[in-house]
Amino acid sequence: MLIHYRRSAAEPCAAPLDGRAGNSGSRLGAWAATALALLGLSACSGLKYVPEGQKLYTGSKVIIKSPEKITNEAALQTELESVIRPKPNASFLGLRPKLYFWGLGQGKTKGLGHFLADKFGEAPVLLKDVKIAATSGLITNRLYNNGFFKGTVTNEVKTQEKTAQVNYTANTGRVYTIQEIHFPDRDTLVDKDIRATQAGTLLKVGDAYNLNTFTAERVRIDNALKNSGYFYFNPDYILFQVDSTLNNKINVYLRVKAKAPDKATKPYWLERIRLNTNYVLTDTTTRQPILYKKYEYYPDEEIFKAKAITNATFLYPDSLYRRRRRDQTISRLMSLNTFKFVEIRLRPSAAGDSAGRARLDADVLMTQLKKKSLRADLQLVSKSNGFTGPGLTLSFRNRSALRGGEQLLVNAVASTETQSGNGNGALGLTSYEFGLNAQLVFPRLVAPNLPLFDIKLPNSDFQPRTTIGAGYRTVTRANYFREDFFNLNYGYTFKTKITNEQEIRPVDITYVRLADTTKAFNDLLKTRRYLRSAFEQQFILASSYRYTYNQQVLEQRRQQIYFSGQVEGSGNVASLIAQATGQSRNLPDKGYTVLGQQFSQYLKFDLELREYYRISQNPTSGNRIVARLQAGIGMPYGNSVVLPYPKQYGIGGPNSVRAFAARGIGPGTYRPQTTEQSLNQFYDQVGDIRLEGNVEYRQDLVPYVKGALFVDAGNIWLANADPERPGGEFKASSFLNQLAVGYGAGLRIDVQFFVIRFDYALPLKAPYGTPDSTTGRFNLAIGYPF
């Protein structure tokens, strides 16, 4: 296929377009010729499409000239250049493919040329389109806004044969700085309240004049007044008078505008507060309210007790109006998860006030979610230990089980799963799981009042919660055993800020029962002390504390940090009680017991740190560098020689080191040597210590599709040596050399509420050195790995 194209001397292209490589005489295949032709077409400069007698505008730059050093000159440069209009045609190394595609469609209403112009083209931006005087005025205005009151702007047009560039020179002069700040001095109530905010002012003596700072100061004062009852106040009612007649110094006088209406300059108190928990747009009925603690409560207490709603309401009758309390009330009521919408309407009260104070009436309107729901989910289960398969979950929810906003959740789970091969030729392991669990979530802290801690968290926007849970789960590993898990837990979750969350779980009891073991598995337990200890029938009497700091909720931030730290302990109180009561150990190699059953004793620490850095300044961009570091250590002691099997660490798989199978790494340099060991990988390749790191670059490709490049590294180790797993013990001198490393690339189908992930990873290094196989591993998963 040959494509002939004539080009002018003024429009050089990146490659010959006739299918031949220069004068070498060698012929390319048809596909190569086509590729070169398209490259040439897209790379041309597009100057041939500039109208006769016109010049293509190629952009502008701003040159700053100042008699003194400018603080934060880079920010000023960015601000001055931001007003330049229009933007020139997109170019890369002087080439303008969009302009070229636009030219292909000229005079055409259909066909390939019209399609390319419509989808990829861009009309030429000409010098005549540039409003030089207007742009100079905007730059002068920005200089003034930054304190350069004597700044001037000149311009110069630099032309070539077909192009032109406009350069602006900003002569700033000396910047004006603040010498004195005067807050209102009248004896009015509003002036007194403004003066009371002076300690937090953003205006500082010695700082340069900056319009943005003055604007932010007005907003700051308005917020303070709104929280002091000034419901009708507005930032526009604040006036700054600036005296700039001094020698590059200014005096600032803050005033309330004379035109500010009377209602804006006085605080308001709350009078009647109506709480409507069943509001609908068509609600026109008039009902007699329930009176509760001076609140008018509608319609009745059949679904929600009045106490439950007033506990989440921070607007109080006969109190000063505060916007902070209004916002907090909306947030608290929404976080009950029982309402679809919450709205607060405020209006002047018709009731008089003997003290002469202005009054507001408030209507708190709540639209309910459906109280009860039943849901069935058929899903593909994918677990960190490599088990995948179909699962069915039936969920029942009651959004006000005890008429106080308590959430009752009951889940029934059934799944059948098969573990993928471990890379050593082992067959998959089949697992069956059935479970039933229930949670009752109270929208408050069910705890006694403490002297230094208010359980209502009156300064938090988020509803604290108390959770009581119970459940039963049975897991059958075909041809090995069945394990039954009985769980009972009690804990608290609360947030003091949008980024901070804390969870305290003082009671988390699990009873593990091993049953239906096969002869082969029993024989294995007899010869493997550590394995026998991990699978023993036992109590796990755990308590834990978790702290999470998450900046991902701050979507405008370019850099976001996520941190989670958890400490968990088990059996310590029971051990102290057993020793204090003189209980003797069951057997020489056994520990103390509870109700005739041994209990585990350990301390476990887990840390996770992530960083999300957006490459682009555009907050909607998905181009990011993401890094994660995970570290964990579980130290068995006293009553235990090894962590219980459900608490041990595994590594590898689609959310970990992706070049290796789930639980296909470690511990330490241990690796299965026989077919039997490969079959036993699911419980052999676990440990007490974990270290893992991941780095991933994510790139938007086309709508709803993202690409990724990644590197993973990590391993697990044993806290105590196990002769059956040589090389598995952690040693400070060698653990870094025992990290498994993999790398790869992936695609993500991201439709916001659902993500399907495809990753292909290659092993670079195994804990024991060169990997046994360098074959890549394909991972299919739901959601991002981190």
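Of the 786 residues of the protein, 44% count as buried, where buried means under 20% relative accessible area, exposed over 50% and partly exposed in between, with a 1.4 Å probe and protein chains only. The model is a predicted one, in which local features need pLDDT of at least 70 and side-chain atom pairs count only at pLDDT 80 or more, while totals for chains, interfaces and linings use all residues. Residues are numbered from 1 along each chain as its sequence is written, and side-chain values use heavy atoms, with hydrogens and water left out.

The protein contains 14 helices and 29 strands, taken as DSSP runs numbered from the N terminus (helices H or I, at least four residues; strands E, at least two). Among the contacts with a separation of 6 or more, 64% are made by residues 24 or more positions apart, a contact being heavy atoms within 4.5 Å.

Strand β16 (residues 465–477) runs antiparallel to β15 (residues 430–442), to which twelve bridges join it, and also antiparallel to β17 (residues 481–497), through 13 bridges; strands are taken to pair if DSSP finds at least two bridges between them.

Most residues other than glycine have a negative phi, and most peptide bonds are trans. K293, in the loop between β8 (290–292) and β9, has a positive phi of about 50 degrees although it is not a glycine, and K293 is exposed, with a relative accessible area of 59%. Cis peptide bonds are found from R85 to P86, with omega near -5 degrees, and from Y298 to P299, with omega near -15 degrees. P86 lies in the loop between α2 (73–81) and α3 (97–104), and P299 in the loop between β9 (295–298) and α8 (306–310).

The second largest pocket is lined by 20 residues, of which S621, G622, R624, K706 and D750 lie nearest its centre. On a 1 Å grid over the protein atoms alone, a pocket is an open set of points where a 1.4 Å probe fits, with protein on both sides within 12 Å along at least five of seven lines, and lining residues have an atom within 4 Å of a point. The elements giving two or more residues to this lining are β25 (689–702) and β26 (705–717), and β25 supplies the largest share, three residues.
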